[in-house]
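Reader: I'm new to this one. Could you walk me through how some of its labels were decided?

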Amino acid sequence: MGLKFGLANMLFGVGRNVITETAEVFRVNAEAADQRAADLQRAALEQFGHEFAHPQRCLFDRLVDGMNRLPRPFLALGTVFLLVSAMVDPIWFSSRMQGIALVPEPLWWLLGAIISFYFGSRYQAKGQEFQRSIAETMARSPTVLENLRALDQLGKSATAAPRQPAAPATAAAPVDPGPAPVSNPGPVAGSNPALDAWRSTQ
């Protein structure tokens, strides 16, 4: 008897299962594999959440971002200013254009490359911000769908609730008007013998 318990304790006791451990050598444990897959998916979702989270910008980042927004309005407003100055003071405008005509061609190429790279980088940065905002909106979609489903259920329950029938209008009970008032009742005979005797003497 003790031998049997000792053998069972060796195989299945002390938190071990020799049969299960031996089978896992030839076949993957399905429960452990599912747990690893769930942990991997959770880690990937957490990484995506950290990637699309709004970073805390410091003062230097806000300053540089504000400076990056200046060239485009400067270029647009400067062009409009040149057009206005050509109409207001043509001589001043012509002298400035003569100075621009002396700018060498390689400098124009450099200026064009700088402006092109600037606008390209700004376009890429704004595109990444747009994709980040789309990802955040898609992350809120399950909550919005759940709210819409709850509101739909509330609307269906409100329309399916039976309405209380309106109470029928009861006919007004006839009011007893009472005895009709007599305009001039006059003397009633036999109602008062003393009065009748007095009237007979008149």
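Author: Helices here are DSSP runs of H or I with at least four residues, numbered from the N terminus. By that scheme, Leu154 sits in helix α8, residues 141-160. Keep in mind that this is a predicted model.

Reader: Why is Leu154 called exposed?

Author: Exposed means over 50% relative accessible area. Leu154 has 56%, so it counts as exposed. Leu154 is also part of a nonpolar surface patch with Val144, Leu145, Leu148 and Leu151, and together they have about 500 Å² of accessible area.

Reader: How many aromatic pairs are there?

Author: The structure has two.

Reader: What makes Phe81 and Trp92 a pair, and how are their planes set?

Author: Ring centres have to lie within 6.5 Å, and planes over 60 degrees apart count as edge-to-face. The centres of Phe81 and Trp92 are 6.1 Å apart with planes at 80°, so this pair is edge-to-face. It links distant parts of the chain: Phe81 belongs to helix α5 (residues 71-88) and Trp92 to helix α6 (residues 90-101), 11 residues apart.

Reader: How do you know which label Tyr118 gets, and which one Phe119 gets?

Author: Buried means under 20%. Tyr118 has 15% relative accessibility, so it counts as buried. Phe119 has 32%, so it counts as partly exposed.

Technical notes. Residues are numbered from 1 along each chain as its sequence is written. This is a predicted model: local features need pLDDT of at least 70, side-chain atom pairs count only at pLDDT 80 or more; totals for chains, interfaces and linings use all residues. Side-chain values use heavy atoms; hydrogens and water are left out. Patches are made of residues with over 30% relative accessible area and no salt bridge: like charges are joined within 9 Å, nonpolar side chains (Val, Leu, Ile, Met, Phe, Trp, Tyr) within 5 Å. Accessible areas come from the Shrake-Rupley method with a 1.4 Å probe; for residues, only the protein chains shown count as cover. A salt bridge is a side-chain nitrogen of Lys or Arg within 4 Å of a carboxyl oxygen of Asp or Glu. Helices (H or I, at least four residues) and strands (E, at least two) are DSSP runs, numbered from the N terminus. Buried means under 20% relative accessible area, exposed over 50%, partly exposed in between (1.4 Å probe, protein chains only). Rings of Phe, Tyr and Trp (its six-membered ring) pair if their centres lie within 6.5 Å; planes under 30 degrees apart count as stacked, over 60 as edge-to-face and the rest as tilted.
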